[in-house]
Amino acid sequence: MTDILLIALAMSLLYMSIANRLYTYLRILILQGIILFGATYLTLTNLNIINLLLIMLETIVFKAFAVPWFMNYIIKRNKITREAEPYLPNFVSLIIVTMIIVSAIILSSSIKDQNLDKTFFVVALSMLFTGLYMIVSRKKIITHVIGYLVIENGVFVLSLAVGNEMPMLVNLGIMLDIFASVLILGIFFNKIGDVINDPDVNILSHLKD
Amino acid sequence: MLGIFLIGTLIISSLLFFNKNKWVNYSLVGLFVVILWIFGIYEYQHQNLTQFIFFKSDSLGLLLLLALCFIAAPVLFHAFRYIEAHNVDETPHSRGLFFAAMVLLIAACCAAYLSNHIAVTWFFVEITTLSASALIYHHRNIRALEGVWKYVFICAISITFIYIGILFLSLALKGAGVEDMSIDSIREHYDKLNLFWLKLSFLFIFTGFTAKLGLVPMYTAGIDAKDKAPAPAGALLASGLMNLGFIGIYRMYAVMAHTPLHSWANTVIVIAALLSVFVATVYMTRIKNIKRMFAYSGIEHMGLVMLGLAAGGIGVYAAILHIVLHTLIKPALFLQFNQVYWVFQSKSIYDVGNYFKYNKTGAIVVFLGFLSATGMPPSGLFISEFMIFQSLFQAHYILILLGVMLLLTMIIWGFGSNIFKLLFTPPISIDESKIPHISPWESLTQYILLATSVYLAYNPPAGFVTLIQDAVKLIQ
């Protein structure tokens with residue numbers, strides 16, 4: 001069952017690579033949050049109940065609802081155009097994301113370690129690099145943030161793989177999540193909306209040599 | 001003592017944040033400096049003491065802690081001058097926030113230096129990002145917003161990378177059957193670690209910490225940050241915060257140095273270091289913004305430090321000496337920049353000139369700072385750079401040595417042509433009646449910082465040498 005959820009997560013990346021509208025990205029983020037909620041419940045079986053509840057609450061509240069809702073609010077408030085404005089055509093993006101996933105699979109097949117479930121590793125690595133790809137290939141600041149959130153979801157998948165033995169690391173991951181949500185979204189994205197109307201990276205490119 | 005220090009800092013920074021009275025504000029900052037000094041002296045007297053399980057006052061942590069204590073007082077004094085002297089639009093709230101962030105940044109750096117657990121270091125790195133971003137956004141304008149946005153975003157990615165590195169490290173430890181993730185425990189079990197995970201872990205942790213240290217690939221955030229932050233804050237970002245990146249990488253490298261991956265790690269470090277020196281050269285030969293030039297000079301020095309580390313032998317000693325001396329020299333330049341800005345009201349090299357005429361004592365600081373930062377005798381960095389070159393030679397990195405020397409020569413040319421323009425060439429247009437009188441006493445702390453760097457390099461006290469040697473023993 002966990003494998004099905006993880007594969008669904010990897011498939012959501014492919015969908016993300018061809019998505020055109022910002023709202024589609026937000027829906028995919030919500031979907032990923034819900035999948036992670038399920039995966040947490042199925043994977044972290046050795047944890048004490050309070051810690052597990054805390055982690056699950058964080059995934060469902062932060063990842064699936066609060067952050068996407070807040071981004072939606074920002075898009076509406078700042079009247080950001082709904083087009084994602086990628087630098088590359090969607091078809092090329094699809095091929096690149098597919099190649100990322102295939103290379104993650106090839107890399108994982110070279111690991112000879114019994115301690116790690118490879119599905120976790122493949123999905124986490126694919127999400128990490130897809131997130132980075134999203135950041136460099138999209139024009140708007142808000143899509144950069146979405147790319148970062150995808151990286152975070154990927155990292156969370158990886159932390160689930162070691163979560164039963166080292167629950168402290170999963171908690172650290174949650175701290176990272178809250179830190180990023182509060183700092184990046186809460187304070188600065190809000191401020192950027194206050195100062196400039198159409199948050200587009202071109203406006204923030206004057207600091208150079 | 002660490003507990004008292006951290007709780008004291010939290011109380012002081014929250015009082016600073018809520019307080020509106022100017023004199024209460026400055027007394028609180030003074031109180032913090034006193035606590036910081038007591039903390040530094042206490043830790044020095046209790047070396048290798050484990051506190052709260054996760055903290056240990058080992059030699060490298062102590063060295064950087066004492067260096068930070070030493071620069072904290074001048075930096076906070078100049079922050080006070082910065083807020084008071086020439087900024088009309090300061091409000092009690094912005095002043096309170098500025099000093100609260102400053103205090104928090106210094107304390108988080110101190111705690112991270114002494115942390116003996118990679119996850120705890122990571123936590124304090126997060127705090128430094130938070131407090132540094134408040135400092136960078138101090139002026140609340142669009143350019144400051146751009147600087148802070150880039151800084152926060154790149155630091156968030158770098159923190160995520162470090163976290164991924166920690167996860168891989170936990171996998172490497174899991175294979176060895178080790179539960180405890182403290183640095184000491186990892187070093188004790190280095191022969192049992194799974195090398196594949198360790199390799200991945202080092203790669204991610206190294207890349208993550210380059211954002212703080214100022215190395216390729218993630219150096220960019222730091223440049224904008226030091227440019228947009230007020231100069232006293234820039235002084236902290238260019239010294240204490242860069243050292244935080246160094247200590248993170250050093251602790252991880254100390255584990256790698258005992259495994260068969262040592263030469264692989266050296267290759268990674270040499271590539272990043274060479275690219276950093278190269279990037280610094282490219283920008284420094286054509287840069288026109290004085291503050292960014294100082295920031296790029298930091299990138300060059302961190303590249304040299306990493307080269308020393310990778311070369312091994314005497315290079316490791318030289319790298320630690322270099323980073324301590326750099327901690328003293330770079331703040332002197334950044335603090336002096338405040339006065340340059342008061343005179344010319346510009347950061348651009350096109351608008352400045354004849355600084356010797358307008359502020360003699362300050363101009364001498366700039367000149368000595370230039371000599372120090374480029375490693376020309378009698379600069380302290382001359383000694384450490386010489387030892388780094390020697391170690392590169394001994395390690396048979398001859399081509400790298402030649403390349404670096406060529407790049408450094410170009411850096412001296414680029415740095416020098418801008419500094420001499422600032423000092424001697426008359427500016428194109430300047431209204432001399434608007435130039436404020438600057439007291440020579442304002443430059444006193446910069447002289448002390450530069451003189452200390454020379455003293456530590458040419459006549460190092462025995463305690464200082466012992467601390468560096470102990471830190472070197474972690475690797476060799």
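**Entry 1: Ile83(B)**

I began with Ile83(B) and listed its contacts, leaving aside its neighbours within four places in sequence: Glu90(B), Arg95(B) and Phe98(B). I note here that the model is a predicted one. I then looked up where Ile83(B) sits, and found it in helix 3 of chain B, which covers residues 59-85.

Is Ile83(B) buried or exposed? I found 20 C-beta neighbours inside 10 Å of Ile83(B). A residue counts as buried with 20 or more such neighbours, so Ile83(B) is buried.

I also checked Ile83(B) against Phe99(B). The two are 16 residues apart in sequence, and their C-alpha atoms lie 9.8 Å apart in space.

**Entry 2: helix 3 and helix 4 of chain B**

I next recorded how helix 3 of chain B packs with helix 4 of chain B, residues 92-114. The angle is about 175° and the axes are 9 Å apart. Angles over 145 degrees count as roughly antiparallel, and helix 3 of chain B is therefore roughly antiparallel to helix 4 of chain B.

I went through the residues that make this contact. Helix 3 of chain B contributes, among them, Gly61(B), Leu64(B), Ala72(B) and Ile83(B). From helix 4 of chain B come residues including Arg95(B), Phe98(B), Phe99(B) and Tyr113(B). By class, I noted 15 nonpolar residues, 1 polar and 1 charged in the contact of helix 3 of chain B with helix 4 of chain B.

**Entry 3: helix 1 and helix 2 of chain B**

I turned to helix 1 (residues 2-18) and helix 2 (residues 22-45) of chain B. These pack at an angle of about 165°, and their axes are 10 Å apart. Helix 1 of chain B and helix 2 of chain B are therefore roughly antiparallel to each other. I recorded the crossing of helix 1 of chain B past helix 2 of chain B as left-handed.

The contact of helix 1 of chain B with helix 2 of chain B holds 9 nonpolar and 3 polar residues, with no charged residues.

**Entry 4: chain B against chain A**

How many residues does the contact take from chain B and from chain A? I recorded 32 residues from chain B and 32 residues from chain A. On the chain B side, the elements that give two or more residues are helix 5 (118-136), helix 6 (142-176) and helix 9 (220-228). Helix 6 of chain B supplies the largest share of that side, 21 residues. By class, I noted 19 nonpolar, 6 polar and 7 charged residues on the side of chain B that touches chain A.

How values were computed: Residues are numbered from 1 along each chain as its sequence is written. Chains are lettered from A and ligands numbered from 1 in the order in which they are written. This is a predicted model: local features need pLDDT of at least 70, side-chain atom pairs count only at pLDDT 80 or more; totals for chains, interfaces and linings use all residues. Two residues are in contact if their C-beta atoms, placed from the backbone, lie within 7 Å. Helices (H or I, at least four residues) and strands (E, at least two) are DSSP runs, numbered from the N terminus. Ala, Val, Leu, Ile, Met, Phe, Trp, Tyr, Cys and Pro count as nonpolar, Asp, Glu, Lys and Arg as charged, and the others, Gly among them, as polar. Axes are lines fitted to C-alpha atoms, for helices over the stretch in contact, and angles run from 0 to 180 degrees between N-to-C directions. Angles under 35 degrees count as roughly parallel, over 145 as roughly antiparallel, 65 to 115 as roughly perpendicular and the rest as oblique. A crossing is left-handed if the near helix is turned anticlockwise from the far one by less than a right angle, and right-handed if clockwise. A residue is buried if 20 or more other C-beta atoms lie within 10 Å of its own, exposed if 12 or fewer, and partly exposed in between; C-beta atoms are placed from the backbone.
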